[in-house]
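Have the structure open and follow along.

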Amino acid sequence: MWSREDSKIEKAKEDILKLLEEHKRQVFYSRQIEVILEQSYYHWITNTALRQLAIDNKINFEQCNIVTGKINCYWHKSHRYYKNDMKRLVDNVNYFSDAEFTRGLGSYAELLVSDALFRGGFTFIDNNSNNYRGIIWDRSDHDLDFIVEKNDIAFGIEVKNKLSYIEQDEFYLKMRCVNI
């Protein structure tokens with residue numbers, strides 16, 4: 001019996017095949033396709049569809065090493081000379097993953113988020129902090145980028161500039177802070 005989730009994955013597969021058909025001479029990495037299709041699908045649905053298409057040999061796939069780990073690259077079956085395109089893609093990901101570049105970009109992202117929060121009427125309580133109204137988070141050395149309030153509700157904000165999601169352990173530690 002098919003679930004609604006299965007039908008979303010099947011539709012995502014169709015959209016991925018359409019995307020690769022429209023860009024037959026391009027190599028993509030998984031997060032790139034997830035972002036391209038994020039208006040229609042959650043990232044995990046797109047990622048599941050990509051992996052299933054690769055397993056079924058409907059698209060080409062190769063895992064590539066980058067300075068911060070690995071990325072999964074995908075391309076259309078008819079793209080015969082993909083290696084140069086894949087190398088260019090990996091070089092670009094490595095360039096934009098450079099520690100100095102990401103530090104600068106992360107600082108700029110924090111400025112943009114700070115401005116958006118201010119314009120949205122949030123009150124800033126603290127930044128880069130593990131302390132909220134005298135309650136100190138001491139279960140780890142983590143802190144939150146921003147602690148803000150609006151309508152008497154407090155929010156902890158993290159700004160991330162990574163190819164991957166926040167580590168699960170760190171996420172769960174920070175979510176436990178809510179229950180203090």
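Buried means under 20% relative accessible area, exposed means over 50%, and partly exposed is what falls in between. Asp145 has a relative accessibility of 8%, so Asp145 counts as buried. Please keep in mind that this is a predicted model.

**The whole chain**

Let us step back for a moment. The protein has six helices and eight strands, and along the sequence they follow the pattern α-β-α-α-β-β-α-α-β-β-β-β-β-α. What radius of gyration does the protein have, and what would a compact globule of 180 residues have? The protein has 20 Å, whereas the compact globule would have a value near 16 Å. Along the principal axes, the C-alpha atoms fill a box of roughly 60 × 45 × 35 Å.

Of the 180 residues, 32% are buried. The accessible surface comes to about 12,300 Å², and carbon and sulfur atoms hold 51% of that surface. Taking contacts between residues at least 6 apart in sequence, 51% of them join residues at least 24 apart. As for charge, there are 25 positive and 28 negative side chains, and the centres of these two sets lie 7 Å apart.

**Asp145 and its surroundings**

Back to the residue from the start. Asp145 sits in strand β7, which covers residues 144-150. Where does the side chain of Asp145 reach a backbone nitrogen? That nitrogen belongs to Val159, at 2.6 Å. Beyond its neighbours within four places in sequence, Asp145 is in contact with Glu110, Asp126, Asn127, Asn128, Ile157, Glu158 and Val159.

Thr46 belongs to helix α3. Its relative accessibility is 0%, so Thr46 counts as buried. With residues up to four places away in sequence left out, Thr46 touches Ile16, Ile33, Glu34, Leu37 and Tyr41.

Asn72 is part of strand β3, residues 69-75. Is Asn72 buried or exposed? At 18% relative accessibility, Asn72 counts as buried, because the cut-off for buried is under 20%. Its contacts, again without residues up to four places away in sequence, are Phe28, Tyr29, Ser30, Phe61, Glu62 and Gln63. With one of these, Gln63, there is a polar contact from side chain to side chain at 3.2 Å.

Two residue pairs can be set side by side, with distances taken from C-alpha to C-alpha:

| Pair | Apart in sequence | Apart in space |
|---|---|---|
| Asn72 and Tyr29 | 43 residues | 5.4 Å |
| His23 and Ala54 | 31 residues | 17 Å |

**Loop residues**

His23, from the second pair, is found in the loop between α1 (4-22) and β1 (27-29). The relative accessibility of His23 is 31%, so His23 counts as partly exposed.

Asn57 lies in the loop between α3 (43-55) and β2 (60-66), and its phi is near 60°, a positive value in a residue other than glycine. Asn151 is in the loop between β7 and β8 (153-157). What is the phi of Asn151 near? The value is near 55°, which is again positive in a residue other than glycine. Asn151 has a relative accessible area of 65%, so Asn151 is exposed.

Notes. Residues are numbered from 1 along each chain as its sequence is written. This is a predicted model: local features need pLDDT of at least 70, side-chain atom pairs count only at pLDDT 80 or more; totals for chains, interfaces and linings use all residues. Side-chain values use heavy atoms; hydrogens and water are left out. Helices (H or I, at least four residues) and strands (E, at least two) are DSSP runs, numbered from the N terminus. The radius of gyration is taken over C-alpha atoms; the globule rule is 2.2 Å times the number of residues to the power 0.38. Buried means under 20% relative accessible area, exposed over 50%, partly exposed in between (1.4 Å probe, protein chains only). Contact means heavy atoms within 4.5 Å. Accessible areas come from the Shrake-Rupley method with a 1.4 Å probe; for residues, only the protein chains shown count as cover. Lys and Arg count as positive and Asp and Glu as negative; His and the chain ends are not counted. The place of a charge is taken as NZ of Lys, CZ of Arg, CG of Asp or CD of Glu. A polar contact is a pair of N or O atoms within 3.5 Å; within protein, one must be able to donate a hydrogen and the other to accept it, and residues adjacent in sequence count only if both atoms are side-chain atoms.
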